[in-house]
Amino acid sequence: MNDINHLREDFPILKRLIYGKPFVYLDNAATTQKPQVVLDKILEFYTTQNSNIHRGVHYLSEEATAAYESARETVRKFLNADDVSEIIFTHGTTDSINIIADSFGQAFINQGDEIIVTGMEHHSNFIPWQMLCKRKGAMLKVIPVDDNGTLVIDKLNELITQKTRLISLTYVSNVLGILNPVVEIVKTAHSFDIPVLIDGAQAVQHFPVDVKALDCDFFVFSGHKIFAETGIGILYGKQNWLEKLAPSRFGGGMVKKVEIEETSFADAPLKFEAGTSNFAGAVSLKAAIEYINNIGFSDIMAHEQDVFDYAVGKFKELEKITIYGNVSNRCGMLSFNLDKIHPYDAALIMDKTGVFVRTGTHCAEPLMKHFGIDGTIRASFALYNIRDDVDKLVESIKRVQKIMCAEI
Ligand code: PLP
C-alpha cells in the first residue's frame with residue numbers, strides 16, 4: 001500500500017498557504033491538481049521536443065509525433081481498447097460528446113428518431129443531444145431519477161422504441177457521485193441494437209475502466225480531471241462505429257487527398273482530429289496515466305474508500321444537513337445543503353476557513369429541478385485527500401452553521 005501522505009508531496013500546489021494556512025482542496029470533480037511528474041513532463045516537452053506533429057520530416061517533428069502517438073497507446077491500454085485507431089484526442093469530454101452528436105447525428109438521426117439520456121446528466125451530455133434533436137426533429141427522452149438520485153432503470157424498457165437510435169449517459173453523476181448500472185444498460189440497449197455512449201468524466205480518476213468489459217460503443221473523458229492538463233480529452237469509439245461516421249470538423253491533418261472538387265478523409269482516429277491537436281496535452285495525459293498506474297488503482301480505491309467512508313460517518317454526526325444521493329454505490333463526492341443557508345453563503349465562509357468546495361448547479365440544472373433546489377455544496381475527493389481534510393471540512397461546516405444560524 002502506498003503512503004498517501006507521501007503522495008501528497010507529489011502535488012506542489014498542496015504546499016501553498018492561502019489565508020496564511022494550508023488549504024483543503026475538495027473541488028476535484030471540477031478539476032484535479034497536477035503532480036510534479038506531469039508538470040515536469042510538460043516543461044520537458046516544451047523545452048526539448050516541441051514541434052508540430054504529423055507534419056514534418058525533421059527530427060523534432062518526428063519526436064513530437066512519436067510522443068503523441070505513444071500517448072495514444074497509453075490511453076488505449078488505460079481503457080483496454082482493442083486498437084489505437086479507436087482512441088481520438090479531443091479537447092475534453094464536452095468536445096468528445098459534441099463530435100459524436102455531430103457525426104452520429106449527421107449519419108443516423110432523422111426526423112422522428114429518439115435519443116435517450118438520463119435526468120442526472122452534466123449539461124455537456126444533455127445540450128448537444130437536445131440541440132441535435134431540435135435540428136433534426138428528433139425526440140429527447142430522459143430516464144428519470146428517484147428521490148434518492150438513483151436512476152429509475154425499470155423505465156428504460158418503456159422508453160426504448162423502434163425509433164431509439166442512441167443512449168448516452170454518465171457513468172458517475174457529477175453531483176451525487178452515484179454509479180449508474182452502465183453494464184446492464186449497455187446490455188439492454190444492445191439487445192435492441194442501440195449504441196451507448198458513456199460519459200466517464202467522473203469515473204476514470206476513481207476506478208479502472210475497461211471499455212471491452214463495458215462493451216460501450218463510445219466512451220469519453222477529460223484529461224484535466226485525472227491530473228493532466230486542461231484542453232485534452234478522449235473519445236473512444238468502437239472501430240465499426242468510427243468507420244461508419246464521417247468527420248464533422250474539417251481542416252489540416254485529417255485528409256487523404258484534397259482537390260478543388262472533392263476531399264477524401266484519413267481513417268480514424270486522424271479523420272476526427274482536424275487542425276493542430278493539443279499534442280503537449282496528450283503528452284501530459286500520458287504522464288498522468290503513468291502516474292496513476294505507478295500507484296495502482298487498488299491502492300487508490302482502498303484509500304479513497306477509506307476517506308469517503310470516514311466522510312460519510314462524520315456527516316452523519318452533523319445536524320440540519322441534507323445529503324443528496326445518499327446511497328451505497330457512489331464515489332468521489334458528497335453533495336449537500338445546510339438548513340436555511342444558501343449554498344453560496346456557505347461556500348464563501350468555507351473559503352475563508354481554507355476549505356475549497358464547489359457550489360451551484362454543477363451544470364446539472366435538470367437534476368436540481370428534480371430535487372427542487374437552486375444548487376448544492378459539493379465536496380469532491382481525489383487520491384491526495386486524507387481524513388484530516390474531512391475533519392477540516394466538518395469543522396468548516398459547523399463554523400458556517402454557527403455564523404449563519406446563531407441557534408445551531
Ligand atoms: N460530464 C461530466 C460527468 C462532468 O463532470 C463534466 C465536468 O465536470 C463534464 C462532462 C464536462 O467536462 P469538460 O468541461 O472537461 O469538457
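Which residues of H4 are buried? I looked them up and found Thr93, Asp95, Ser96, Ile97, Ile99, Ile100, Ala101, Ser103, Phe104 and Gly105. Buried here means under 20% relative accessible area, with a 1.4 Å probe and protein chains only.

A note on my source: this is a predicted model, where local features need pLDDT of at least 70, side-chain atom pairs count only at pLDDT 80 or more, and totals for chains, interfaces and linings use all residues. Residues are numbered from 1 along each chain as its sequence is written, and side-chain values use heavy atoms, without hydrogens and water.

Next I checked the length of H4. H4 has 16 residues and reaches 21 Å from first C-alpha to last, close to the 22 Å expected at 1.5 Å a residue. That expected span is 1.5 Å times one less than the number of residues.

Then I turned to the largest pocket. A pocket is an open set of points on a 1 Å grid over the protein atoms alone, with protein on both sides within 12 Å along at least five of seven lines; its lining residues have an atom within 4 Å of a point. The largest pocket has a volume of about 320 Å³, meaning the space filled by probe spheres set on the points, which are joined across faces, edges and corners. Of its 21 lining residues, Ala29, His122, Asn174, Lys225 and Cys363 are the closest to the centre.

Where does the largest pocket lie? It lies between domain 1 (4–30 + 296–403) and domain 2 (39–293), because both give residues to its lining. The domain bounds come from an automatic or database domain assignment.

Methods:
Helices (H or I, at least four residues) and strands (E, at least two) are DSSP runs, numbered from the N terminus. Buried means under 20% relative accessible area, exposed over 50%, partly exposed in between (1.4 Å probe, protein chains only). On a 1 Å grid over the protein atoms alone, a cavity is a set of points where a 1.4 Å probe fits but cannot get out, and a pocket is an open set with protein on both sides within 12 Å along at least five of seven lines; lining residues have an atom within 4 Å of a point.
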